[in-house]
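Okay, everyone, thanks for coming.

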Amino acid sequence: MKEERSKPKTGFFAENMKITDILYKKNMSLSFEVFPPKAETGFDSVKAATEEIAGYKPSFMSVTYGAGGGTSRYTLDSAKNIMDKFSVPTLAHLTCVSSDKATVHERIEELYDAGIENIMALRGDLTPELEKTDRSKWDYRYAVELIRELKESGHDFCIGAACYPEIHPESKDQKNDILHLKEKVDAGADFLTTQMIFDNNLFFNFMYKIREAGITVPVLPGIMPITNANQVERAIKLSGAFMPQRFKSLVDYFGSDPDSMKQAGIAYATDQIIDLYANGITNVHVYSMNKPDIAKAISDNLSDILGKDFGK
Ligand code: FAD
């Protein structure tokens with residue numbers, strides 16, 4: 001892990017940049033998240049979708065890591081493809097809880113060798129199988145351990161970590177959750193991205209609390225455009241996110257008509273992003289879910305705002 005090699009410099013690798021170089025600028029930034037295919041057969045369609053999204057030139061793109069690491073190769077391949085072909089900076093996700101140390105260290109070296117500079121360090125969800133096993137035998141229990149190992153790798157990665165304005169489901173209260181979040185930042189997390197939020201006030205309250213707790217790194221609110229009614233239940237189950245009445249009314253009213261629901265969902269997400277920008281949050285992350293039409297619609301809606309510095 002500690003052995004240092006000279007940085008690979010081929011293709012656009014030398015041009016990939018650290019996410020923090022984007023986040024500390026005053027210009028409005030917008031990033032998109034995509035997920036890799038679950039199997040070889042899906043690679044071409046996912047590649048086409050991620051390439052189309054990259055073509056809209058987001059500030060950066062993040063590529064998720066399949067639960068349990070089953071699709072790790074595809075995370076790297078997708079991130080590298082976006083970076084090489086489109087010069088869009090990429091953030092590769094990496095989880096640790098269902099892996100052993102040797103595998104995680106191998107993944108870290110592969111990412112480094114591929115020229116990936118930005119890693120989202122996550123614990124990963126606890127699967128029912130994992131929960132049945134003896135915790136004391138796990139190589140990793142929390143994301144903070146992965147962050148420490150990324151720092152110890154000797155490679156100068158820019159590290160992201162997850163945070164939860166509505167509390168992580170396993171936490172007993174917000175105070176403890178924020179305490180553990182601070183541990184991740186103290187260990188080396190350079191920026192944070194939130195679980196999806198549908199009510200900006202929850203994000204603003206959270207920001208107030210974490211700043212009070214001494215967490216000063218940039219925080220990107222995560223916005224999930226809901227464009228069909230079936231997504232709602234899944235999104236709540238996944239995130240436990242609060243759905244404001246304004247959003248529920250929109251789903252009740254338009255949910256039965258797919259085109260109307262899509263238009264309304266994109267408008268709602270756009271409205272949330274504009275409100276965030278207007279309140280001084282210059283960096284926003286969109287869970288674009290491999291949907292180029294949604295990435296395009298949101299980019300178009302914000303075209304006169306993105307990239308500008310309003311000097312405030
Ligand atoms: P941690 O930071 O380890 O926190 C997990 C829980 O443990 C929290 O309740 C925390 O308060 C608590 N905790 C932390 N440290 C301690 C400690 N020292 N003692 C006691 N308790 C502690 N999952 C994937 O599988 N692939 C992905 O690509 C992926 N991307 C994500 C991106 C974002 C922006 C977010 C918000 C989530 C993502 N997830 C992903 C889901 C994530 O893996 C889960 O939410 C997981 O349950 C927690 O991961 P974490 O990194 O936040 O864990």
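So, strand S3 (90-95), strand S4 (118-122), helix H7 (174-187) and strand S6 (191-196) each give at least two residues to the shell around the ligand; helices (H or I, at least four residues) and strands (E, at least two) are DSSP runs numbered from the N terminus. H7 has the largest share, four residues. Keep in mind that this is a predicted model, where local features need pLDDT of at least 70 and side-chain atom pairs pLDDT 80 or more, while totals for chains, interfaces and linings use all residues. Residues are numbered from 1 along each chain as its sequence is written, and side-chain values use heavy atoms, with hydrogens and water left out.

In total, 24 residues surround the ligand, meaning a heavy atom within 4 Å. Tyr65, Asp125, Tyr164, Asp177 and Lys184 are the closest.

Now the polar contacts, which are N or O pairs within 3.5 Å. Asp125 puts a polar side-chain atom 2.6 Å from a ligand oxygen, and for Tyr164 that distance to a ligand oxygen is 2.7 Å. His180 has a side-chain N or O atom 3.3 Å from a ligand nitrogen. The protein covers 86% of the 980 Å² of accessible area that the ligand has on its own (Shrake-Rupley, 1.4 Å probe).

Notes: A polar contact is a pair of N or O atoms within 3.5 Å; within protein, one must be able to donate a hydrogen and the other to accept it, and residues adjacent in sequence count only if both atoms are side-chain atoms.
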